[in-house]
Amino acid sequence: MTHPPNRSPGYRSTILRAPSRPAVALKADPDAIELTSPVFGHGEVGALDADLTRQHEGEPIGERIIVTGRVLDSSGRPIRNTLVEVWQANAAGRYAHAGDRHPAPPDPNFTGAGRCLTDHEGRYRFVTIKPGAYPWRNHPNAWRPAHIHFSVFGTAFTQRLVTQMYFPGDPLFPFDPIMQSVPDAAARERLVSAFDLDVTEPEWALGYRFDVVLGRTPMED
Amino acid sequence: MITPSQTVGPFFGHALPYETGPDLVPEGYPGAITVTGRVFDGAGEPVPDALLELWLGETGTRGVLRRDGEGVSGFGRCATAPDGTYRFRTARPAGPYLALLVFARGLLCAVATRIYLQDGPDPLLDALDPERRATLLARADGDVHRFDVRLQGEGETVFLEF
(Lines give C-alpha, C1' and ligand atoms only; values in the text may rest on other atoms or scores of the structure.)
Protein backbone atom coordinates (compact mmCIF):
# COMPACT_ATOMS: atom_id res chain seq x y z
CA MET A 1 0.00 0.00 0.00
CA THR A 2 1.44 3.34 -1.04
CA HIS A 3 -0.60 5.90 0.84
CA PRO A 4 -0.77 5.99 4.62
CA PRO A 5 -4.02 4.92 6.27
CA ASN A 6 -5.76 8.03 7.51
CA ARG A 7 -6.16 6.45 10.92
CA SER A 8 -2.56 6.23 12.15
CA PRO A 9 -2.79 6.54 15.96
CA GLY A 10 0.96 7.17 16.32
CA TYR A 11 0.17 10.54 14.75
CA ARG A 12 -2.21 11.73 17.42
CA SER A 13 -4.17 14.26 15.38
CA THR A 14 -5.51 11.44 13.18
CA ILE A 15 -7.50 9.91 16.05
CA LEU A 16 -10.41 12.36 15.90
CA ARG A 17 -10.02 13.39 12.27
CA ALA A 18 -9.64 10.19 10.26
CA PRO A 19 -12.95 9.04 8.78
CA SER A 20 -14.18 5.88 10.52
CA ARG A 21 -16.01 4.50 7.50
CA PRO A 22 -14.31 3.27 4.36
CA ALA A 23 -14.43 5.59 1.36
CA VAL A 24 -17.22 4.81 -1.10
CA ALA A 25 -15.81 3.60 -4.42
CA LEU A 26 -17.35 5.56 -7.24
CA LYS A 27 -18.50 3.48 -10.18
CA ALA A 28 -16.74 4.30 -13.43
CA ASP A 29 -18.30 7.46 -14.80
CA PRO A 30 -16.58 9.18 -17.73
CA ASP A 31 -18.56 12.34 -16.97
CA ALA A 32 -17.40 12.65 -13.37
CA ILE A 33 -15.99 16.15 -12.97
CA GLU A 34 -13.21 14.77 -10.78
CA LEU A 35 -11.57 13.40 -13.94
CA THR A 36 -10.65 16.93 -14.96
CA SER A 37 -8.36 19.45 -13.31
CA PRO A 38 -7.68 23.18 -13.43
CA VAL A 39 -5.52 24.35 -16.33
CA PHE A 40 -3.01 27.00 -15.30
CA GLY A 41 -2.02 30.01 -17.36
CA HIS A 42 1.64 31.03 -17.44
CA GLY A 43 0.81 34.57 -16.42
CA GLU A 44 -0.56 33.29 -13.12
CA VAL A 45 2.83 32.43 -11.68
CA GLY A 46 5.66 34.96 -11.49
CA ALA A 47 9.22 34.10 -12.49
CA LEU A 48 10.49 34.85 -8.99
CA ASP A 49 7.85 32.75 -7.25
CA ALA A 50 10.14 29.73 -7.52
CA ASP A 51 13.08 31.43 -5.79
CA LEU A 52 12.40 31.49 -2.06
CA THR A 53 15.73 33.25 -1.40
CA ARG A 54 14.77 36.41 -3.33
CA GLN A 55 11.41 37.34 -1.89
CA HIS A 56 12.74 39.94 0.58
CA GLU A 57 15.32 42.72 0.87
CA GLY A 58 18.11 40.47 2.07
CA GLU A 59 19.06 36.84 1.72
CA PRO A 60 17.72 34.31 4.18
CA ILE A 61 20.08 32.62 6.61
CA GLY A 62 20.81 28.99 5.89
CA GLU A 63 22.22 26.50 3.47
CA ARG A 64 21.14 27.51 -0.05
CA ILE A 65 19.76 24.57 -2.01
CA ILE A 66 18.20 23.78 -5.38
CA VAL A 67 15.30 21.34 -5.37
CA THR A 68 14.24 20.03 -8.74
CA GLY A 69 12.50 17.04 -10.24
CA ARG A 70 9.69 15.95 -12.48
CA VAL A 71 5.99 15.46 -12.00
CA LEU A 72 5.03 12.21 -13.72
CA ASP A 73 1.96 10.09 -14.14
CA SER A 74 2.00 6.48 -13.04
CA SER A 75 3.22 5.41 -16.49
CA GLY A 76 6.19 7.75 -16.25
CA ARG A 77 4.82 10.36 -18.64
CA PRO A 78 5.55 13.99 -17.77
CA ILE A 79 2.71 16.13 -16.47
CA ARG A 80 3.20 19.49 -18.15
CA ASN A 81 2.10 22.91 -17.04
CA THR A 82 0.84 21.74 -13.71
CA LEU A 83 1.08 23.78 -10.54
CA VAL A 84 3.63 22.81 -7.89
CA GLU A 85 3.47 24.68 -4.58
CA VAL A 86 6.00 24.32 -1.77
CA TRP A 87 6.22 25.60 1.76
CA GLN A 88 8.64 25.00 4.59
CA ALA A 89 10.20 26.15 7.86
CA ASN A 90 13.25 28.39 7.87
CA ALA A 91 16.79 27.17 8.55
CA ALA A 92 16.16 27.26 12.29
CA GLY A 93 13.03 25.12 12.01
CA ARG A 94 10.46 27.89 12.36
CA TYR A 95 7.54 28.66 10.06
CA ALA A 96 6.53 32.18 9.07
CA HIS A 97 3.13 31.34 10.53
CA ALA A 98 1.60 33.09 13.52
CA GLY A 99 0.69 29.75 15.07
CA ASP A 100 4.26 28.43 15.21
CA ARG A 101 5.44 28.72 18.84
CA HIS A 102 8.80 26.97 18.47
CA PRO A 103 11.31 29.28 20.21
CA ALA A 104 13.66 29.40 17.24
CA PRO A 105 14.45 32.68 15.50
CA PRO A 106 12.18 33.83 12.69
CA ASP A 107 13.98 35.01 9.57
CA PRO A 108 12.68 38.33 8.22
CA ASN A 109 14.15 37.44 4.82
CA PHE A 110 12.37 34.12 4.50
CA THR A 111 8.68 33.43 4.05
CA GLY A 112 9.16 29.86 2.95
CA ALA A 113 6.48 29.62 0.24
CA GLY A 114 6.95 29.21 -3.50
CA ARG A 115 5.22 27.97 -6.61
CA CYS A 116 5.90 27.21 -10.24
CA LEU A 117 4.46 25.43 -13.25
CA THR A 118 6.12 22.35 -14.66
CA ASP A 119 7.76 22.65 -18.06
CA HIS A 120 7.38 20.51 -21.17
CA GLU A 121 9.24 17.62 -19.51
CA GLY A 122 7.21 17.89 -16.31
CA ARG A 123 10.15 19.54 -14.59
CA TYR A 124 9.98 22.00 -11.72
CA ARG A 125 12.83 23.82 -9.96
CA PHE A 126 12.99 25.78 -6.73
CA VAL A 127 15.82 27.68 -5.08
CA THR A 128 15.45 27.80 -1.31
CA ILE A 129 17.34 27.15 1.91
CA LYS A 130 17.45 23.85 3.72
CA PRO A 131 14.74 23.82 6.39
CA GLY A 132 15.57 22.91 9.97
CA ALA A 133 14.07 20.10 12.03
CA TYR A 134 11.64 21.23 14.71
CA PRO A 135 9.89 19.88 17.79
CA TRP A 136 6.17 19.20 18.00
CA ARG A 137 3.91 18.01 20.78
CA ASN A 138 2.73 14.70 19.37
CA HIS A 139 4.60 12.73 22.06
CA PRO A 140 7.46 13.44 24.47
CA ASN A 141 10.62 14.61 22.70
CA ALA A 142 8.96 14.53 19.29
CA TRP A 143 10.83 16.12 16.37
CA ARG A 144 9.90 16.40 12.72
CA PRO A 145 12.69 15.55 10.29
CA ALA A 146 13.53 18.47 7.99
CA HIS A 147 11.02 18.55 5.17
CA ILE A 148 9.53 20.64 2.39
CA HIS A 149 5.77 20.43 1.86
CA PHE A 150 4.68 19.83 -1.75
CA SER A 151 1.28 20.39 -3.32
CA VAL A 152 0.80 19.08 -6.87
CA PHE A 153 -2.25 19.10 -9.15
CA GLY A 154 -1.95 16.75 -12.15
CA THR A 155 -4.49 16.24 -14.91
CA ALA A 156 -7.42 15.00 -12.81
CA PHE A 157 -8.77 16.22 -9.49
CA THR A 158 -8.44 12.60 -8.32
CA GLN A 159 -4.66 12.92 -8.69
CA ARG A 160 -4.38 15.94 -6.41
CA LEU A 161 -1.53 15.27 -4.01
CA VAL A 162 -0.11 16.97 -0.96
CA THR A 163 3.02 15.38 0.41
CA GLN A 164 6.33 16.11 2.14
CA MET A 165 9.85 15.80 0.78
CA TYR A 166 12.57 14.70 3.20
CA PHE A 167 16.36 14.89 3.00
CA PRO A 168 18.54 11.79 2.65
CA GLY A 169 20.01 10.20 5.74
CA ASP A 170 18.02 12.10 8.34
CA PRO A 171 18.40 10.32 11.71
CA LEU A 172 14.88 11.39 12.72
CA PHE A 173 13.12 9.17 10.16
CA PRO A 174 12.51 6.16 12.44
CA PHE A 175 10.97 8.38 15.13
CA ASP A 176 8.59 10.36 12.94
CA PRO A 177 5.02 9.01 12.99
CA ILE A 178 4.05 11.09 9.96
CA MET A 179 6.70 9.61 7.70
CA GLN A 180 6.27 6.18 9.33
CA SER A 181 2.52 6.29 8.67
CA VAL A 182 3.42 5.09 5.19
CA PRO A 183 3.45 1.35 5.85
CA ASP A 184 5.70 0.22 3.01
CA ALA A 185 9.44 0.90 3.36
CA ALA A 186 9.95 1.26 -0.39
CA ALA A 187 7.09 3.75 -0.55
CA ARG A 188 8.63 5.76 2.31
CA GLU A 189 11.86 5.96 0.31
CA ARG A 190 9.96 7.79 -2.42
CA LEU A 191 9.44 10.65 0.03
CA VAL A 192 13.20 11.11 0.38
CA SER A 193 15.00 13.37 -2.09
CA ALA A 194 18.36 12.38 -3.54
CA PHE A 195 21.45 14.53 -3.26
CA ASP A 196 22.59 15.20 -6.83
CA LEU A 197 26.00 16.63 -7.68
CA ASP A 198 24.74 17.41 -11.20
CA VAL A 199 22.03 19.65 -9.78
CA THR A 200 24.49 21.27 -7.40
CA GLU A 201 25.89 24.59 -8.64
CA PRO A 202 29.58 25.04 -7.81
CA GLU A 203 30.33 27.59 -5.10
CA TRP A 204 26.66 28.48 -4.85
CA ALA A 205 24.09 25.82 -3.86
CA LEU A 206 23.70 22.10 -3.16
CA GLY A 207 21.24 20.23 -5.35
CA TYR A 208 18.52 17.72 -4.48
CA ARG A 209 16.31 15.76 -6.84
CA PHE A 210 12.74 14.76 -6.00
CA ASP A 211 10.31 13.29 -8.51
CA VAL A 212 6.59 13.23 -7.77
CA VAL A 213 4.59 10.39 -9.29
CA LEU A 214 0.85 10.87 -9.25
CA GLY A 215 -1.72 8.11 -9.03
CA ARG A 216 -3.65 6.60 -11.87
CA THR A 217 -6.78 8.35 -12.95
CA PRO A 218 -9.85 6.08 -13.05
CA MET A 219 -9.91 6.39 -16.85
CA GLU A 220 -6.47 4.80 -17.05
CA ASP A 221 -7.74 1.61 -15.40
CA MET B 1 6.01 3.86 -7.78
CA ILE B 2 3.40 6.45 -6.74
CA THR B 3 4.48 9.15 -4.30
CA PRO B 4 2.71 8.65 -0.95
CA SER B 5 0.51 11.35 0.51
CA GLN B 6 1.47 13.22 3.69
CA THR B 7 -0.56 15.62 5.81
CA VAL B 8 -0.82 19.29 4.86
CA GLY B 9 0.09 19.97 8.52
CA PRO B 10 -0.96 22.98 10.58
CA PHE B 11 1.28 25.63 9.01
CA PHE B 12 0.12 26.10 5.41
CA GLY B 13 -1.66 29.40 6.03
CA HIS B 14 1.20 31.56 4.73
CA ALA B 15 1.55 29.47 1.58
CA LEU B 16 -1.59 27.93 0.13
CA PRO B 17 -4.55 30.28 0.68
CA TYR B 18 -4.70 33.27 -1.66
CA GLU B 19 -6.79 36.39 -1.47
CA THR B 20 -9.38 35.58 -4.10
CA GLY B 21 -9.23 31.82 -3.58
CA PRO B 22 -12.74 31.51 -2.11
CA ASP B 23 -14.28 33.69 -4.85
CA LEU B 24 -14.74 31.70 -8.04
CA VAL B 25 -16.80 34.58 -9.41
CA PRO B 26 -16.55 38.31 -8.70
CA GLU B 27 -18.97 40.06 -6.39
CA GLY B 28 -22.29 40.74 -8.07
CA TYR B 29 -21.81 38.04 -10.69
CA PRO B 30 -25.24 37.14 -12.11
CA GLY B 31 -26.53 33.90 -10.63
CA ALA B 32 -23.70 33.60 -8.11
CA ILE B 33 -24.34 31.33 -5.13
CA THR B 34 -22.65 30.97 -1.77
CA VAL B 35 -21.54 27.55 -0.62
CA THR B 36 -20.70 27.61 3.06
CA GLY B 37 -20.54 25.37 6.09
CA ARG B 38 -18.33 24.11 8.86
CA VAL B 39 -15.86 21.27 9.26
CA PHE B 40 -16.14 19.11 12.39
CA ASP B 41 -14.00 16.36 13.89
CA GLY B 42 -15.09 13.11 15.55
CA ALA B 43 -15.78 14.86 18.86
CA GLY B 44 -18.05 17.38 17.13
CA GLU B 45 -15.44 20.11 17.57
CA PRO B 46 -14.81 22.56 14.72
CA VAL B 47 -11.66 22.03 12.67
CA PRO B 48 -9.96 25.44 12.56
CA ASP B 49 -7.04 24.40 10.36
CA ALA B 50 -8.58 22.67 7.36
CA LEU B 51 -8.11 23.71 3.74
CA LEU B 52 -10.95 23.11 1.31
CA GLU B 53 -10.71 23.01 -2.47
CA LEU B 54 -13.76 23.29 -4.68
CA TRP B 55 -13.85 22.21 -8.33
CA LEU B 56 -16.61 22.89 -10.84
CA GLY B 57 -15.28 20.66 -13.60
CA GLU B 58 -14.08 23.40 -15.97
CA THR B 59 -11.20 25.84 -15.57
CA GLY B 60 -13.21 28.79 -16.86
CA THR B 61 -11.87 32.11 -18.06
CA ARG B 62 -11.27 34.07 -14.86
CA GLY B 63 -7.90 32.53 -13.98
CA VAL B 64 -7.12 30.00 -11.30
CA LEU B 65 -4.68 31.93 -9.11
CA ARG B 66 -4.78 35.54 -10.31
CA ARG B 67 -8.48 35.89 -11.10
CA ASP B 68 -7.74 38.73 -13.51
CA GLY B 69 -9.95 37.48 -16.32
CA GLU B 70 -13.69 37.88 -16.84
CA GLY B 71 -16.30 35.36 -15.87
CA VAL B 72 -15.93 32.22 -13.82
CA SER B 73 -13.03 30.30 -12.35
CA GLY B 74 -13.66 26.61 -11.86
CA PHE B 75 -11.37 26.27 -8.86
CA GLY B 76 -11.61 27.64 -5.36
CA ARG B 77 -9.55 27.31 -2.20
CA CYS B 78 -10.57 28.34 1.30
CA ALA B 79 -9.01 27.79 4.72
CA THR B 80 -11.41 27.31 7.63
CA ALA B 81 -11.88 30.02 10.25
CA PRO B 82 -11.32 29.32 13.99
CA ASP B 83 -14.94 28.14 14.22
CA GLY B 84 -14.45 25.70 11.32
CA THR B 85 -16.36 27.83 8.82
CA TYR B 86 -15.54 27.98 5.12
CA ARG B 87 -17.28 30.05 2.47
CA PHE B 88 -17.12 30.05 -1.34
CA ARG B 89 -18.80 32.38 -3.83
CA THR B 90 -19.27 30.43 -7.03
CA ALA B 91 -21.31 29.95 -10.17
CA ARG B 92 -23.63 26.98 -10.38
CA PRO B 93 -21.94 23.93 -11.82
CA ALA B 94 -23.20 22.42 -15.07
CA GLY B 95 -24.27 19.26 -13.25
CA PRO B 96 -25.89 18.63 -9.87
CA TYR B 97 -22.74 18.61 -7.75
CA LEU B 98 -19.43 20.30 -6.96
CA ALA B 99 -16.29 18.33 -6.14
CA LEU B 100 -14.71 19.05 -2.76
CA LEU B 101 -11.34 18.09 -1.30
CA VAL B 102 -10.53 18.53 2.38
CA PHE B 103 -6.98 18.78 3.68
CA ALA B 104 -6.11 19.18 7.36
CA ARG B 105 -3.58 18.51 10.05
CA GLY B 106 -4.38 14.96 11.11
CA LEU B 107 -5.49 13.91 7.64
CA LEU B 108 -2.61 11.98 6.11
CA CYS B 109 -4.52 11.84 2.82
CA ALA B 110 -6.96 14.47 1.60
CA VAL B 111 -10.55 13.29 1.69
CA ALA B 112 -12.78 13.77 -1.35
CA THR B 113 -16.51 14.31 -1.36
CA ARG B 114 -19.25 15.98 -3.38
CA ILE B 115 -21.62 18.80 -2.56
CA TYR B 116 -24.94 18.08 -4.27
CA LEU B 117 -26.93 21.26 -4.76
CA GLN B 118 -30.02 19.32 -5.69
CA ASP B 119 -31.38 15.88 -4.90
CA GLY B 120 -32.44 13.60 -7.71
CA PRO B 121 -31.64 10.34 -9.42
CA ASP B 122 -27.86 9.94 -9.36
CA PRO B 123 -25.65 6.85 -9.53
CA LEU B 124 -23.70 7.79 -6.42
CA LEU B 125 -26.60 9.07 -4.30
CA ASP B 126 -28.81 6.14 -5.25
CA ALA B 127 -26.21 3.67 -4.00
CA LEU B 128 -26.33 5.13 -0.46
CA ASP B 129 -28.82 4.55 2.33
CA PRO B 130 -30.92 7.64 3.16
CA GLU B 131 -28.90 8.64 6.22
CA ARG B 132 -25.61 8.57 4.33
CA ARG B 133 -27.15 10.13 1.21
CA ALA B 134 -28.21 13.11 3.31
CA THR B 135 -24.57 13.90 4.14
CA LEU B 136 -23.95 14.84 0.50
CA LEU B 137 -26.92 17.17 0.08
CA ALA B 138 -26.50 20.88 0.66
CA ARG B 139 -29.38 22.70 2.36
CA ALA B 140 -30.50 25.64 0.24
CA ASP B 141 -31.63 28.92 1.75
CA GLY B 142 -32.11 31.21 -1.23
CA ASP B 143 -28.73 31.60 -2.90
CA VAL B 144 -26.89 30.20 0.12
CA HIS B 145 -26.17 26.48 0.15
CA ARG B 146 -25.05 25.03 3.48
CA PHE B 147 -22.86 21.96 3.56
CA ASP B 148 -21.05 20.75 6.68
CA VAL B 149 -18.20 18.27 6.58
CA ARG B 150 -18.12 15.75 9.44
CA LEU B 151 -14.82 13.96 9.26
CA GLN B 152 -15.72 11.20 11.68
CA GLY B 153 -18.50 9.72 13.79
CA GLU B 154 -22.19 10.57 13.86
CA GLY B 155 -23.35 11.95 10.54
CA GLU B 156 -19.95 11.26 9.03
CA THR B 157 -19.77 12.68 5.51
CA VAL B 158 -19.53 10.16 2.71
CA PHE B 159 -16.01 10.29 1.33
CA LEU B 160 -15.18 8.97 -2.10
CA GLU B 161 -12.58 6.78 -3.67
CA PHE B 162 -12.01 6.93 -7.41
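How many helices and strands does chain B have?

**About the model.** This is a predicted model in which local features need pLDDT of at least 70, side-chain atom pairs count only at pLDDT 80 or more, and totals for chains, interfaces and linings use all residues. Residues are numbered from 1 along each chain as its sequence is written, chains are lettered from A and ligands numbered from 1 in the order in which they are written, and side-chain values use heavy atoms, leaving out hydrogens and water.

**View 1. The fold of chain B.** Chain B has two helices and ten strands, where helices (H or I, at least four residues) and strands (E, at least two) are DSSP runs numbered from the N terminus. Along the principal axes, the C-alpha trace of chain B spans about 40 × 40 × 40 Å.

View 2. Of the 162 residues in chain B, 59% are buried (under 20% relative accessible area, with exposed over 50% and partly exposed in between; 1.4 Å probe, protein chains only). Look for C78(B), buried with a relative accessible area of 9%, and for C109(B), which is buried at 15%. The structure holds zero disulfides over all chains, a disulfide being a pair of cysteine sulfur atoms within 2.5 Å.

**View 3. The fold of chain A.** Chain A comes to one helix and twelve strands. From the N terminus, the elements run β-β-β-β-β-β-β-β-β-α-β-β-β. With a radius of gyration of 18 Å, close to the 17 Å that the globule rule gives for 221 residues, chain A is as compact as a globular protein of that length. Its C-alpha atoms fill a box of roughly 50 × 45 × 30 Å along the principal axes.

**View 4. Packing in chain A.** Among the 221 residues of chain A, 53% count as buried. Residues 24 or more positions apart account for 70% of the chain A contacts with a separation of 6 or more, a contact meaning heavy atoms within 4.5 Å.

Note on methods: The radius of gyration is taken over C-alpha atoms; the globule rule is 2.2 Å times the number of residues to the power 0.38.
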